[in-house]
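Please consult the sequence and the structure while reading.

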Amino acid sequence: MTIRVLHVASELYPLLKTGGLADVTAALPAALIEQGADARLLLPGFVPVAAGLADLRPVARLGRTFGAHEATLELGRLPESDLPVYMIRADDFYARPGNPYLDSEHVPWGDNAQRFALLGWAAAQLAQHADPDWAPRVVQAHDWHAGLAPAYLRAAALERGLAPAAAPARSVFTIHNLAYQGIFPAQQFGSLGLPADFFDMHGVEFYGQLSFLKAGLYYADKITTVSPTYAREIQTVAQGGGLEALLRGRAHDLVGILNGVDYAVWNPASDAAIAARYSATRMSGKLRCKTALQARMKLAQKHDAPVFGVVSRLTEQKGLDLLLAALPEIVSRGGQIVVLGTGDASLEQGYTRAARQHPDAVAVELGFDETLAHAIVAGADVMAVPSRFEPCGLTQLYALAYGALPLVHRVGGLADTVVDASLENLADGLATGFVFERFEPDALAAAIRRAFALHARSRDWRETRRRGMEQDFGWAASAQRYMALYRELA
Ligand code: ADP
Ligand code: GLC
């Protein structure tokens with residue numbers, strides 16, 4: 001039997017993206033369809049989503065609007081991939097300029113609880129045949145934005161006197177990042193239309209407040225996260241964000257499934273966004289990409305200077321404060337660094353200042369620029385991802401595909417995907433990048449020195465690079481794991 005699965009999320013590449021979540025919601029449903037699933041997506045009707053979906057038509061009027069004037073469910077498709085996408089049109093909630101979560105002052109919108117409750121509630125309505133032509137057997141909710149979907153499904157089962165397992169659909173909650181917990185004041189609970197006893201330690205309550213993330217973790221039938229190592233880390237006090245006890249209690253329902261790479265989007269042999277195409281067996285284009293990157297970023301045109309790249313949200317998570325402190329290690333050895341990112345003002349200023357001090361060796365572009373992101377991964381020799389924590393991380397996977405050796409902290413998905421170029425790993429033909437153990441300046445500096453040392457041994461460098469490019473992090477294997485999970489549930 002074909003499994004009908006609805007993915008519920010707030011971002012979708014290429015229409016709306018603030019991070020890796022959008023890459024996943026675009027690629028995973030398509031990979032599931034290839035495995036035989038009948039997969040669809042549900043998103044809020046943010047401006048670029050409403051503008052970007054093709055063939056939108058209304059399928060249902062939503063009875064509850066959480067305070068928006070009107071809410072309707074529409075069905076369209078993603079033009080490039082034909083993926084069926086449901087969209088909630090509620091212009092009072094979603095037709096706002098800029099970031100989907102924050103206002104122009106970078107403050108969360110005051111009605112976020114209601115805006116994202118509508119998303120979770122609409123998912124549960126779809127499971128109850130809001131669209132007479134299609135209803136999911138499994139609802140997979142991504143991150144706190146969709147965290148209430150499992151709660152509304154449970155509420156629907158209780159209302160009909162059914163056991164949780166007989167809910168209108170089974171549910172999976174996927175943690176992309178435990179640091180964003182969707183926390184709101186307890187007073188907001190009343191507006192959500194959930195049974196009163198759901199506001200409980202065994203429910204959506206979290207230290208006196210309301211947490212959408214906890215709702216997902218508590219009410220979903222299964223919990224997944226985006227790498228095996230992160231699945232273990234979040235069960236510890238250090239990385240559990242206060243939810244470690246809940247996660248430990250649900251350990252038998254929790255599984256880490258690594259994200260994949262959409263090689264239709266991230267492939268140097270076919271990438272139209274980069275200066276020249278190349279592959280593991282025809283590498284000459286990579287040097288042209290490097291030269292083009294140095295020119296674009298106004299760095300010294302030096303072929304032999306290793307170029308370090310960073311494409312990242314500039315947040316605490318990403319460890320770029322540690323890298324900023326280590327810049328002298330790169331510059332004094334004749335290396336260069338290109339940074340593309342946006343976020344914390346102190347990091348933006350720190351990197352901008354470094355670029356002013358070393359205009360030949362340090363270049364910074366503040367902003368979000370998909371094309372430049374590809375140009376950096378293609379032009380760089382090393383991509384740095386020194387994150388404090390990293391649920392999966394996609395940048396290091398893109399780096400491997402583009403022959404830019406990833407330099408990463410051994411944590412989360414980074415630990416699961418990059419093998420350090422130690423002497424023994426080189427000798428055994430395993431190395432694919434540079435991995436540092438402790439999140440300390442000296443450990444990062446040593447990894448940077450390892451990168452320079454390997455760069456000076458060009459045969460080893462080329463071999464390591466080729467090995468990285470030949471790794472297969474495609475979605476097929478992970479999609480099969482999700483399929484097995486759905487089968488277990490359905
Ligand atoms: P996270 O989701 O935590 O931000 P990931 O590594 O999973 O980290 O995914 C980040 C995604 O966002 C990648 O596709 C990366 O290329 C992209 N990205 C991050 N910052 C920028 C930026 N400033 N410009 C363009 N793309 C960016
Ligand atoms: C989150 C995580 C990142 C992960 C991405 C997609 O934003 O920070 O590690 O790769 O989601 O799952």
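A polar contact is a pair of N or O atoms within 3.5 Å; within protein, one must be able to donate a hydrogen and the other to accept it, and residues adjacent in sequence count only if both atoms are side-chain atoms. The model is predicted, so local features need pLDDT of at least 70 and side-chain atom pairs pLDDT 80 or more, whereas totals for chains, interfaces and linings use all residues. Residues are numbered from 1 along each chain as its sequence is written, chains are lettered from A and ligands numbered from 1 in the order in which they are written, and side-chain values use heavy atoms, without hydrogens and water.

Ligand 1 places a nitrogen atom 2.8 Å from a polar backbone atom of G367, and a nitrogen atom of ligand 1 is 3.0 Å from a polar backbone atom of D369. An oxygen atom of ligand 1 lies 2.8 Å from a polar backbone atom of L394. Of the 560 Å² that ligand 1 exposes when taken alone, the protein buries 93% (Shrake-Rupley method, 1.4 Å probe). Domain 1 (4-260 + 475-489) and domain 2 (284-469), with bounds from an automatic or database domain assignment, both give residues to the shell around ligand 1, so ligand 1 lies between them.

For ligand 2, an oxygen atom is 2.8 Å from a polar backbone atom of G393, and a polar side-chain atom of Q317 lies 3.1 Å from an oxygen atom of ligand 2. Taken alone, ligand 2 exposes 310 Å², of which the protein buries 93%. Each of domain 1 and domain 2 supplies at least three residues to the shell around ligand 2.
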